[in-house]
Amino acid sequence: MRTPVAYYLMLSGILFMLGTVGVLTRKNALLIFMSVELQLNAVNLSLVAFSRLHDDLTGQVLAFFSMVVAAAEVVVGLAIIVAIYRRRRSVDVDDVRELRW
Amino acid sequence: MPLDNVVFWVFAPISIASAIGMLLVRNAIHAALFLIVNFFCLAVFFLLLDAPFLFAVQIVVYAGAIMVLFLFVIMLLGVDSNVPIRERLLVQRPIAFILGAAFVVELFLAIRAGVGFSTKAPDAFTANEGGNTQAVAKVLFSQYFFPFEVTSILLLVAAIAAMVLAHRRTRAVTQAEIDAEAEDRDERAPAYDAEAAS
């Protein structure tokens, strides 16, 4: 293991940051959702990197659980987006603002 | 230069470039394809970090199942044929990039203080003895057995929720309406028969 663990953590942080910027700047609900997936994956990478650093499998098990939760989240989120699209013919998040006030 | 270093420096720029590409393209399909590239790069990193089980799961679950679901929904909604998405985030966009850059700087300082940039993982990954999949299963089914069972309930709830949400709501039909429709059909049927006979 010659690559320092900090490189993986840095890469994971940069990917998380790019996901955050995607969530903040995109307006299409599907693209916001994809950016959230990117963030989840970035965190998974740092979990596995820490698992390797501390010689402990707990990090890998946690990453596995986060994948399961992400799968469930994608199913429900996409169903909600499809339901919103059926009602409003749009996936622009600015069109869905009834609950804002 | 050791091999894992080479692989890291080949795939790290690809993963960051694909993430940036996902941010910048306008077409949702292209964004999804960039995200798939990114997921494959992360799978390679899992392999480098001695987690071959997660490597397989990443490709099967993320690149396989989740992204196919995304592409399916994009095709179903036909997003690119939609009205162009208005760009009204002129103020937020630069602020988001500035905050992102600040986040990376802060992260750099935090990693340097917490882990250190020269810290390397131990050469031998003793937790992986007897195979990674077996070792993960041992931890998962002893220490984390209850959370594992809870995730099965979570998946069940998610499957039911998807069916409920995506189901096209139809009006309940009463027996009276069915009878009325049947009567209507009976009234029209003789005329149709007579027409057919002649």
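This is a predicted model: local features need pLDDT of at least 70, side-chain atom pairs count only at pLDDT 80 or more; totals for chains, interfaces and linings use all residues.

Modeller: Read from the N terminus, the elements of chain A go α-α-α.

Biologist: Is chain A compact or spread out?

Modeller: More spread out than a compact globule, because its radius of gyration is 17 Å, well over the 13 Å that the globule rule gives for 101 residues. Along the principal axes, the C-alpha atoms of chain A fill a box of roughly 55 × 25 × 20 Å.

Biologist: What share of chain A is buried?

Modeller: Buried residues account for 54% of its 101 residues.

Biologist: How do α3(A) and α6(B) sit against each other?

Modeller: Helix α3 of chain A covers residues 58–88. Its axis and that of α6(B) come within 9 Å and cross at roughly 10 degrees. An angle under 35 degrees counts as roughly parallel, so α3(A) is roughly parallel to α6(B).

Biologist: Which residues meet there?

Modeller: From α3(A), they include A:Phe65, A:Val69 and A:Ile80. From α6(B), they include B:Pro147, B:Thr151 and B:Leu155. By class, this contact has 19 nonpolar, 1 polar and no charged residues.

Biologist: And α3(A) with α5(B), what's the crossing angle?

Modeller: Roughly 75 degrees, with the axes coming within 10 Å. The two helices are therefore roughly perpendicular to each other. A:Thr58, A:Gln60 and A:Val61 meet B:Val136, B:Val139 and B:Leu140.

Biologist: Different topic. Where does B:Asn128 lie?

Modeller: In the loop between α4 and α5 of chain B.

Biologist: Buried or exposed, and why?

Modeller: B:Asn128 counts as buried, because it has 21 C-beta neighbours inside 10 Å. The cut-off for buried is 20 or more.

Biologist: What does B:Asn128 touch, leaving out residues up to four places away in sequence?

Modeller: B:Asp50 and B:Ala135. B:Asn128 and B:Asp50 are 78 residues apart in sequence, but 8.0 Å apart in space, C-alpha to C-alpha.

Conventions
Residues are numbered from 1 along each chain as its sequence is written. Chains are lettered from A and ligands numbered from 1 in the order in which they are written. Helices (H or I, at least four residues) and strands (E, at least two) are DSSP runs, numbered from the N terminus. A residue is buried if 20 or more other C-beta atoms lie within 10 Å of its own, exposed if 12 or fewer, and partly exposed in between; C-beta atoms are placed from the backbone. Two residues are in contact if their C-beta atoms, placed from the backbone, lie within 7 Å. Axes are lines fitted to C-alpha atoms, for helices over the stretch in contact, and angles run from 0 to 180 degrees between N-to-C directions. Angles under 35 degrees count as roughly parallel, over 145 as roughly antiparallel, 65 to 115 as roughly perpendicular and the rest as oblique. Ala, Val, Leu, Ile, Met, Phe, Trp, Tyr, Cys and Pro count as nonpolar, Asp, Glu, Lys and Arg as charged, and the others, Gly among them, as polar. The radius of gyration is taken over C-alpha atoms; the globule rule is 2.2 Å times the number of residues to the power 0.38.
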